[in-house]
Amino acid sequence: MNEQVNHSTLMTPRVEAMRQELALIASAPQDATRGLPGYFYTDQPYFEYECATVLKSGWHCVGRVDELAGIGDYITLSLLGEPLIIVHDQSGIKALSNVCRHRGMRLAEGSGNTRRFTCPYHAWMYSTDGTLLRAARMNNKGFDPKTCKLGEFACQTRYGFIYVCLNDTPHDLDKELTGLEKLIGAYEPENYRIVHSASEIWKTNWKCLVENFMEGYHLSVVHPETLHGYTPTGLSEKAASGDGFTSYYANYPKDIPYRGKGAPGLTDKARHRSTLFSIFPCQVTSIASSLLVTLMIRPLTAETIEVRWTMSAYGNELDEDTINQRIALWEDVNREDREKLEIMQSSFRSIHAIGGPLAGPDYEGTVHDFLLWLAKQDSHSN
Ligand code: FES
Ligand SMILES: [Fe+2]
């Protein structure tokens with residue numbers, strides 16, 4: 001099915017009405033912005049429309065470069081139903097289709113290091129660049145192994161993150177990230193080393209977690225013990241946004257010492273805050289002088305997501321005990337957010353979940369940025 005056919009079959013009158021409503025909500029004046037009504041987070045046909053448009057065309061963070069440090073290192077994942085192998089081939093990091101060209105078996109599971117991928121069904125063997133190397137007993141004259149290379153998707157790395165796009169004609173990632181360098185470059189994000197990763201299934205819509213992570217309005221209320229002491233709501237401050245991202249600063253109170261010097265080029269001010277940014281559609285990240293936490297959101301249905309999160313530390317400044325404390329802290333923070341989002345998800349079918357007024361730029365300006373981006377992408381998918 002080509003993309004054109006795919007879109008038109010998904011464009012029901014209801015989806016069309018919701019697209020127009022999204023455009024209207026996103027165009028609200030800066031001092032009267034609003035959130036989306038509940039059905040934007042529950043409607044399965046609308047979710048399928050999003051999958052075929054804004055999600056399919058987006059760049060998705062799938063991990064950190066140092067997870068695949070050695071040649072032959074690979075991880076597997078499913079992105080919008082597409083099974084992928086992210087592998088460090090001789091020529092760099094690639095996103096291969098994890099679907100055997102014989103009869104469609106998944107080639108690899110989990111993660112590891114390999115020189116070849118051998119299909120567990122009939123043992124076709126592929127190199128790490130996807131070339132079919134061997135297909136036992138395939139003596140029929142009409143068989144040409146050259147036509148059986150594994151599928152491949154666009155894959156790029158920036159700031160130590162690996163990005164994949166499922167579209168044949170991906171957007172210019174650098175254009176989408178213009179302005180991000182000024183925001184996070186001094187932290188040297190590529191020099192953080194991964195210390196932890198975990199995956200969970202949450203009962204929430206993918207947009208809810210983007211919005212939740214990216215607004216400082218809830219910090220003191222939802223995280224009184226875990227975050228309020230360092231990043232109270234009252235010190236939230238809207239920061240830069242660009243074509244494909246938004247951000248805010250979660251500033252620390254003045255009397256609190258910073259937690260690690262981090263990169264040498266950081267200002268004292270930068271050491272006294274966490275910078276939270278989202279690279280749309282599905283990456284949300286907090287970067288501070290010594291710690292980098294990223295949540296990679298993988299939409300599964302309108303009401304469920306897989307969340308893979310990673311924690312990385314700058315250099316060797318933090319000892320093992322401190323790192324373990326930070327992991328435990330972030331487990332608590334994620335649980336606190338998850339509890340709220342899962343309860344909220346169950347309220348979204350109410351006729352009174354009509355989308356309320358948003359707080360000002362420092363508190364929920366990032367949510368409005370996200371809605372603006374969604375509406376802009378949607379207008380392009382026509
Ligand atoms: S499905 Fe892979 S070798 Fe048959
Ligand atoms: Fe939170």
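In what order do the 7 strands of the open sheet lie? The order is β11-β17-β16-β15-β14-β13-β12, with antiparallel pairing. Strands here are DSSP runs of E with at least two residues, helices are runs of H or I with at least four, and both are numbered from the N terminus. Two strands pair if DSSP finds at least two bridges between them.

Before going on, note that this is a predicted model, where local features need pLDDT of at least 70, side-chain atom pairs count only at pLDDT 80 or more, and totals for chains, interfaces and linings use all residues. Residues are numbered from 1 along each chain as its sequence is written.

Strand β12 runs antiparallel to β13 (residues 245-251), and 3 bridges join the two. Look for K238, which stands opposite Y248 in β13.

**Two packed helices**

Now find helix α2 (residues 13-26) and helix α3 (residues 44-55), which pack at an angle of about 70° with their axes 9 Å apart. That makes α2 roughly perpendicular to α3, a term for angles of 65 to 115 degrees. The axes are lines fitted to C-alpha atoms over the stretch in contact, and angles run from 0 to 180 degrees between N-to-C directions.

Which residues meet? R14, V15 and M18 in α2 meet P45, Y46 and Y49 in α3; contact requires C-beta atoms, placed from the backbone, within 7 Å. By class, this contact has 5 nonpolar, no polar and 1 charged residues. Val, Met, Pro and Tyr are among those counted as nonpolar, and Arg is one of the charged ones.

Technical notes. Chains lettered and ligands numbered in written order. Parallel < 35°, antiparallel > 145°, perpendicular 65-115°, else oblique. Contact = placed C-beta atoms within 7 Å.
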